[in-house]
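User: I would like to go through this structure with you, one topic at a time. Please keep the answers plain.

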Amino acid sequence: MSDLNHLNKSVLSLCVLAAVGVAGPGAALAKDYPAKPIELIVPAGAGGSTDLSARVFAKHAQKKFGKPVVIVNIKGAGGYTGSKTVYDSAPDGYKVLYTHAGIVTNNVTNTAPYSYDGFKVGPTVIEDPSLALFVGGQSGMKTLGDLIAKAKAEPGKLKTATEYGAFTYFMLLKLQKEQGIQLNLVDVGGDADKTVALLGGHVDVMPKVYLGTEDYIDAGDFTVLGVAQAKRAPNAPKVPTFKETGIDFEYHEYPFTIFFQKDTPQAVIDAWIKIAQEVAADPTYQKDVEKLGMVPVYKSPEEAAKNFAAMQAEFVELAKEKAEVAGQK
Amino acid sequence: MDIFLNALWDILQPASVMLMFLGVAVGIVFGSIPGLSAAMAIALFLPITFTMGPNAGMTLLVSLYIGAISGGLISAVLLNIPGTPSSIATCFDGAPMARQGEAGKALGVGIVFSFLGGLLAFTALIFIAPPLAKFTLRFSPIEYFAITVFALTMIASLASGSMVKGLLSGMIGLLLATVGVSPIDGARRFTLDIDNLTSGFDLLPYLIGLFAITEVLIAAEQFSADKHVEPLALKKIKGFGFTLAEFFAQKWNLLRSSLIGLFIGILPGIGGSTSSILAYIAAKKQSKYPEKFGTGIMDGVVASESANNATIGGALIPLLALGIPGDGVTAMMLGGFLIHGLTPGPLLFKTSAEFVYGIFAACLVANMIMLILEFFGLRIYIKLLKVPKYILLPIIVVMCVVGAFSVNNRMFDAESILLFGLIGYLMYKAKLPLAPAVLSFILCPLIETNLRRGLMLTEGSFLAFFAKPIALFFLVTAIVALIVPLVRTFRSHRAKAAGTTKTPVG
């Protein structure tokens, strides 16, 4: 039967003309929630890490809900097009957003007029704490200390792959500020493009999650300098933290989190909290998430909101300083 | 080799052959219906493959991909509407052939050369994937910029007849492509404070509107004019509808087009629609009778169809050898790998050789199945021409709306096809060619993004672009491609002016 549930996404997409008619007024009462299939809006294309993790979560959540949780990919404008769909939706809990720090960066870079607090924040259900820095295997750099020394010797010369305004971009801004260094931040695109850029020697440094780099580390093409966390990442246990290598530099994990339209009744959110807790405790779910190279978690809406608030404050500050530096030039 | 034979043996088990027949058949349906694309077929079946074993899952996805890309030629030939973005160039000669009663031959040619283009590329995939993949690593944004600029100058060759009209069409494409937030810094352009315009126009609704809706409007106009619309005459065909001599005359065209398809496929992000158009242009340029292109000759169908199927093999190369997806379809396949716990990367060949060779075998067998299914399907497809247009076209419009919606699950895309249909219709009335508008729409974001990224790499120096050999080659070729026709036009005008006492032209 679960195959049929998967098919629902397709059926829903294809029969949407009909669905548009159904999703009008007269939404079901919160206490009966969910009375019909829930759309989980993923503001990214099919096949990426946001999409895949959402699919795994939805697969397990719909078993507990007893109603299909249908993945709807709405990409564009760095995630804004998707989040806006939920922002503008009816507050009935049938259009729910699944996203990560992009909800904050979109606001800080002025793409979206709202941030995480334009929504009711739900639980964080999956994390990726393995964001690390990589350099070429032949670069001679072995630790973050080496990188900092090199950047200090040649300010603004180390080409560092990033995607402007994205999560890793703010990581690099933070690194520059805390360590007093100047890198040459080069936009090369997403994870696949970054990997090509470092492999092809077009850039010197790359921030990326650990997944997909293991082969290159084993083959000697890449050296991983460490992860930007207080503790080693469970999904990259071999990689030391920066602190272990002697430099105190920490950043956030990717927090895949559920968001609701701002006026959604608490009963709906409570239903999701219960489901998220049950799903997180399910060993088959944990195994499925681990296969994706990510970490299954449950973080309460309060914890999640605190985490997003911290990112918001930090990114706004970093963006302001960046603008001031640019203004002086 | 043993591993490969084992994989082939596994693939040839009844259950997996059945699965592949199903995959190819569904792919053909998706490919042949305007509005539904290869990417959609795969997005739809991806969740189902999660519950299968990794080999069965990948077999199904590969079959869908191959079926869909080749299926696009059916509506391109019969309706003058590309079934998938990859089959745009197939319309150029395929549709005129059909109008001359040679629909069966056009389809037969398309099917056989789809097969051969695929076969050549899969052979390259099996034997030289790792070195080819390494080659792609030499392409930084600077090389991408040079290559896409070069491709854009090819608009000049697509502008059959009037250069001014070709350029005008190209400008329309560029203009529409710049709507939305700009790459890299996210500035809003031409969004008119309409939120839906923030993410810009999507390629698929653009193509659907420009080709399908325009075609429907033209047909509707003919009805209202109360003209009797005659069903297309059909010549009887034998086999695939062409002779051995005709086949062998295409051997260089096949080879050239497949190589172009393979090359474009290997480079992430450019895709089958560009490769088939470029192969078409190359065939036209190399031809002894370029003036016949567009009037319904098989050369045009051969070029487009062998290139777009070769692009599949090309796109699989960086995916399997480096773990890097080249387009939306291979990005979804990568997702399939991860769900099954396979780590994509250069060591996949070593750590999961059986899996990789399973994909190779699946490509070869699915390609064969495509040939068989379409050979028998051919006689059914051409019956489509017997369906009255007043029944067929409304169905197509419905599929187009559904297809445009499902690209990104929003109504705005479905609505935008009307706008593009209107633009396409006006362009038809003004006798502007559509192809330049398509090529420039696809290339514009690639050129802009890679220019800006390239400038970051060189710290703002344009001159440094010319220091890179690959970029230098393509940029110089592009400049030559622009100047030569200008000089030629100038000379012929001067010759005319000198040869006649009347007012000089131009």
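User: How far apart do the C-alpha centres of domain 1 and domain 2 of chain A lie?
Analyst: This is a predicted model. In it, the C-alpha centres of domain 1 and domain 2 of chain A lie 30 Å apart.

User: Where are the bounds of the domains in chain A?
Analyst: Domain 1 of chain A comprises 2-128 + 253-316, and domain 2 comprises 132-252.

User: And how many residues are in contact between domain 1 and domain 2 of chain A?
Analyst: On the domain 1 side there are 15 residues, in contact with 13 residues of domain 2 of chain A.

User: Turning to the open sheet of chain A, what is the strand order?
Analyst: The order is β2-β1-β3-β10-β4-β11, six strands in chain A with mixed pairing. At the edges are β2 (69-73) and β11 (295-299) of chain A, each of which pairs on one side only.

User: What is the average angle between neighbouring strands of this sheet?
Analyst: On average, neighbouring strands are turned by 30° against each other, with direction ignored.

User: How many bridges join β3 to β10 in chain A?
Analyst: Three bridges join strand β3 (residues 95-99) of chain A to strand β10 (residues 254-261) of chain A, and the two run antiparallel. Within this part of the sheet, A:Thr99 stands opposite A:Thr257 in β10(A).

User: Which strands does helix α3 of chain A lie across?
Analyst: Helix α3 (residues 49-65) of chain A lies across β1 (38-42), β2, β3, β4 (119-128) and β10 of chain A. Relative to β2(A), helix α3 of chain A runs at about 160°.

User: New topic: which residues touch the most other members of the largest nonpolar core?
Analyst: That core has 218 residues, and those touching the most other members are A:Leu40, A:Leu147, A:Trp272, B:Leu78 and B:Phe337. Helix α6 (residues 103-136) of chain B gives the most to this core, namely 17 residues. The core also draws at least three residues from each of domain 1 and domain 2 of chain A.

User: What does A:Leu147 touch, not counting residues up to four places away in sequence?
Analyst: With that exclusion, A:Leu147 touches A:Val135, A:Met141, A:Leu158, A:Ile181, A:Leu183, A:Val205 and A:Leu225. There is also a second, separate core of 61 residues, which includes B:Ile270, B:Ile281, B:Ala437 and B:Cys444.

User: Is α14 of chain B largely enclosed or open?
Analyst: It is largely enclosed by the rest of the structure, because 25 of the 25 residues of α14(B) are buried.

User: Now the backbone: which residues does a cis peptide bond join in chain A?
Analyst: A cis peptide bond joins A:Tyr33 and A:Pro34, with omega about -10°. A:Pro34 is found in the loop between α2 (16-22) and β1 of chain A. As background, most peptide bonds are trans, and most residues other than glycine have a negative phi.

User: What is the phi of B:Phe190, and of B:Asp193?
Analyst: B:Phe190 has a positive phi of about 50° although it is not a glycine. B:Asp193, also not a glycine, has a positive phi of about 60°. B:Phe190 is in the loop between β2 (188-189) and α10 (203-224) of chain B, and B:Asp193 lies in the loop between β2 and α10 of chain B.

User: Is B:Asp193 buried or exposed?
Analyst: B:Asp193 is exposed, because its relative accessible area is 81% and the cut-off for exposed is over 50%.

How values were computed. Residues numbered from 1 in each chain as written. Chains lettered and ligands numbered in written order. Predicted model: local features only at pLDDT ≥ 70, side-chain atom pairs only at ≥ 80, totals over all residues. Heavy atoms only, no water. Pairing = 2+ DSSP bridges. Helix = DSSP H or I, 4+ residues; strand = E, 2+ residues; numbered from the N terminus. Axes fitted to C-alpha atoms, helices over the stretch in contact; angles between N-to-C directions. Contact = heavy atoms within 4.5 Å. Core = buried A, V, L, I, M, F, W, Y, C linked by side-chain atoms within 4.5 Å. Buried < 20%, exposed > 50% of the residue type's maximum accessible area, 1.4 Å probe, protein only. Domains from an automatic or database assignment.
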